[in-house]
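I opened the model and kept notes on what I looked up. The entries follow in the order in which I wrote them.

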Amino acid sequence: MIKKRILSIIAAVLLVTAFATPVSAQNLDDAEMRRGALCDNCNRGEIVTTYEAWSDWRYSGRQSCIHRAYGEDAIYFRTRQILYRCPFCGNNWTNVSSQTKLECHGWNA
Ligand SMILES: [Zn+2]
Ligand SMILES: [Zn+2]
């Protein structure tokens, strides 16, 4: 069970890394929705967050500037790791989501 979750998390992170786009709020929404939800394992305990941390921003490439006529935007991404725990059955797991930002290096003539 735990192993399967970890594998799917790794797959998700790789996917996000490979296809980093300016907008990636989807994963964050999924993570938020889990708070206060019932545990998948026992269906009785209310899930609590025991740990939450963002990584540093990491450079992941560049693209044509979407703001101005010329130049490029640098793309950065960071990941958030959240540990959840069910106080009822003791089940715990990790959720990893990511966020992308653009650093504008464009200019107008
Ligand atoms: Zn539980
Ligand atoms: Zn730009």
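Through how many residues does a hairpin join strand 2 to strand 3? I found that 5 residues link these strands in the hairpin.

Conventions. I am working with a predicted model, in which local features need pLDDT of at least 70, side-chain atom pairs count only at pLDDT 80 or more, and totals for chains, interfaces and linings use all residues. Residues are numbered from 1 along each chain as its sequence is written, while chains are lettered from A and ligands numbered from 1 in the order in which they are written.

Elements. I looked up the secondary structure and found 2 helices and 4 strands. Helices (H or I, at least four residues) and strands (E, at least two) are DSSP runs, numbered from the N terminus. The order along the sequence is α-α-β-β-β-β.

Pairing. I took two strands as paired if DSSP finds at least two bridges between them. Strand 3 (residues 70–85) runs antiparallel to strand 4 (residues 92–107), with 16 bridges joining them. Within this pair, Gly71 has Gly106 as its bridge partner, and Tyr84 stands opposite Trp93. Strand 1 (residues 48–54) is antiparallel to strand 3 and joined to strand 3 by 6 bridges. Here Thr49 stands opposite Tyr84. Strand 2 (residues 58–64) also has 6 bridges to strand 3, again antiparallel. In that pairing I noted Ser64 opposite Glu72.

Strand 3 and strand 4 form a hairpin with 6 residues between the strands. Gly90 in this hairpin takes a positive phi near 85°.

Pro87. I located Pro87 in the loop between strand 3 and strand 4. Why does Pro87 count as partly exposed? Pro87 does so because it has 13 C-beta neighbours inside 10 Å. The scale I used calls a residue buried if 20 or more other C-beta atoms lie within 10 Å of its own, exposed if 12 or fewer, and partly exposed in between, with C-beta atoms placed from the backbone. Leaving aside neighbours within four places in sequence, Pro87 is in contact with Gly45 and Val48. Contact requires C-beta atoms, placed from the backbone, to lie within 7 Å. The C-alpha atoms of Pro87 and Gly45 are 6.1 Å apart, although the residues are 42 apart in sequence.

Totals. Buried residues make up 7% of the 109 residues in the protein. Of the contacts with a separation of 6 or more, 62% are between residues 24 or more positions apart.

Definitions and conventions:
Two residues are in contact if their C-beta atoms, placed from the backbone, lie within 7 Å.
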